[in-house]
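Student: Could you walk me through reading a model like this one, feature by feature?

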Amino acid sequence: MVCAVDGDSGLCLGCFRTLKEIAGWRALSDAERAAVMAELPSRRDRIDPAKLG
């Protein structure tokens with residue numbers, strides 16, 4: 001409930017999920033959530049490091 005989405009990458013600056021993933025998180029199955037979670041660390045590189053603090 002505290003996500004702040006970066007306009008350039010479309011990813012949350014904290015959790016690295018997309019707006020679509022954030023909005024639909026509760027509707028995803030456990031397997032779908034696990035797949036998203038596995039991808040999150042690699043998404044960090046898509047955000048300008050200066051925006052991450």
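Student: Where does Phe-16 lie?

Tutor: Phe-16 sits in the segment before α1; helices here are DSSP runs of H or I with at least four residues, strands are runs of E with at least two, and both are numbered from the N terminus. This is a predicted model, where local features need pLDDT of at least 70, side-chain atom pairs count only at pLDDT 80 or more, and totals for chains, interfaces and linings use all residues. Residues are numbered from 1 along each chain as its sequence is written, and side-chain values use heavy atoms, with hydrogens and water left out.

Student: Is Phe-16 buried or exposed?

Tutor: Buried means under 20% relative accessible area, exposed over 50%, and partly exposed in between, using a 1.4 Å probe and protein chains only. Phe-16 has a relative accessible area of 9%, so it is buried. Its phi is positive, about 70 degrees, although Phe-16 is not a glycine.

Student: Which side chain reaches the backbone oxygen of Phe-16?

Tutor: That of Arg-43, at 3.0 Å. A polar contact is a pair of N or O atoms within 3.5 Å; within protein, one must be able to donate a hydrogen and the other to accept it, and residues adjacent in sequence count only if both atoms are side-chain atoms. Arg-43 also has a polar contact of 2.6 Å with the side chain of Glu-21.

Student: And what is the relative accessible area of Arg-43?

Tutor: It's 5%, so Arg-43 is buried. Contact means heavy atoms within 4.5 Å. Not counting residues up to four places away in sequence, Arg-43 touches Leu-11, Phe-16, Arg-17, Thr-18, Glu-21 and Val-36.

Student: Arg-43 is in helix α2. Which residues of α2 are buried?

Tutor: Val-36, Leu-40 and Arg-43. Seen down the axis of α2, the buried residues fall within an arc of 70 degrees, so they line one face of the helix; the arc is that of the directions from the helix axis to the C-beta atoms. They pack against α1 (19–24), while Asp-30, Ala-31, Ala-38 and Pro-41 are exposed on the other side of α2.

Student: Which residues make up the largest nonpolar core?

Tutor: A nonpolar core is a set of buried Ala, Val, Leu, Ile, Met, Phe, Trp, Tyr and Cys residues joined through side-chain atoms within 4.5 Å. The largest one has 6 residues in all: Leu-11, Phe-16, Trp-25, Val-36, Leu-40 and Ile-47. Leaving aside neighbours within four places in sequence, Trp-25 is in contact with Arg-17, Arg-33, Val-36 and Met-37.
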